[in-house]
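Here are a few notes to read alongside the structure. Take them one point at a time and find each residue as you go.

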Amino acid sequence: MERLWFQHKECTSLEIKKFRSLANHEVEKNITIEDQDIVQLFMSRIEQIPAGGEMMKSFIGTAEHIQLIFHGEQGTQTIDIIRKRFKTPSTGFNTHKIEIETSLYEDIDALLFPDFNKIILKVEQLEFIFPQFSITYKGHTFYDAAPATVQVSTDFFILKSDNIIQPLEIPSGQLPPQNLSTTINDIKLKLITHRTIDGKRLYPHYFQVEAL
């Protein structure tokens, strides 16, 4: 019988829990994603991992443990990540580390613990808490100036620090989105949505914050 990552696909939210360790289930960090596009994106990417991993592996109690809990009307579905490896529906692990596992883990880590220079998924309405400020992706608008060939998209962010709220907009169209430098509470930073400093593509799904 074919093993499946998900028994049903109608999931409406994703809860990500980072525990103190495999043996200590005190929650260190917990976020909930209600952006439907991101929930479905995670599901489709997880399904690219072979589901029949048969390698049985034991871990010490101090091993890192993260849970992905997909919620829907038909119930919850939980996936465990132990030491950056995804526990498969066979209750084992894949013998060899797979690139999709690595990239998924990096995305999860950046969502849980956002920081300067990390590559962060644009999750609508999720507030990313940095040490001295927070930033929230509020979505985007798209304008097609038909019959002309000009297409304009604008990403919207909210930057907060103490009692200061600063809206940010990054348009793109005939030119790619430009980096946006700003200052809030004497904190200088740059918001990047096109390419990282070392040239890795961010647009259209990711952003990065650089300290200035």
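**Notes on rings, strands and the core**

1. Let's start with some rings: Phe 128, Tyr 137, Phe 157 and Phe 207 are linked into a cluster by ring pairs. Keep in mind that you're looking at a predicted model.

2. There are eight aromatic pairs in the structure. One of them joins Phe 116 and Phe 130, a tilted pair with 5.8 Å centre to centre and 55 degrees between the planes. This pair ties together distant parts of the chain, 14 residues apart: Phe 116 is in the loop between helix 2 and strand 6, and Phe 130 is in the loop between strand 7 and strand 8.

3. Phe 130 also pairs with Phe 133: the ring centres are 4.7 Å apart and the planes sit at 15 degrees, so this pair is stacked. Phe 130 is buried at 4% relative accessible area, and Phe 133 is buried at 4% too. Phe 116, at 25%, is partly exposed.

4. Now look at strand 1 (residues 11–19). Seven of its nine residues are buried, so the rest of the structure largely encloses it. Strand 1 runs antiparallel to strand 3, with seven bridges, and Leu 14 sits opposite Phe 70 there. Strand 1 is also antiparallel to strand 2, through six bridges; Phe 19 has Val 27 as its bridge partner in strand 2.

5. Last, the largest nonpolar core has 49 residues, and those touching the most other members include Ile 16, Phe 70 and Phe 86. Helix 2 gives the most to this core, with seven residues. Beyond its close sequence neighbours within four places, Phe 86 contacts several residues, including Trp 5, Leu 68 and Ile 108.

Notes
Residues are numbered from 1 along each chain as its sequence is written. This is a predicted model: local features need pLDDT of at least 70, side-chain atom pairs count only at pLDDT 80 or more; totals for chains, interfaces and linings use all residues. Side-chain values use heavy atoms; hydrogens and water are left out. A nonpolar core is a set of buried Ala, Val, Leu, Ile, Met, Phe, Trp, Tyr and Cys residues joined through side-chain atoms within 4.5 Å. Buried means under 20% relative accessible area, exposed over 50%, partly exposed in between (1.4 Å probe, protein chains only). Helices (H or I, at least four residues) and strands (E, at least two) are DSSP runs, numbered from the N terminus. Contact means heavy atoms within 4.5 Å. Two strands pair if DSSP finds at least two bridges between them. Rings of Phe, Tyr and Trp (its six-membered ring) pair if their centres lie within 6.5 Å; planes under 30 degrees apart count as stacked, over 60 as edge-to-face and the rest as tilted.
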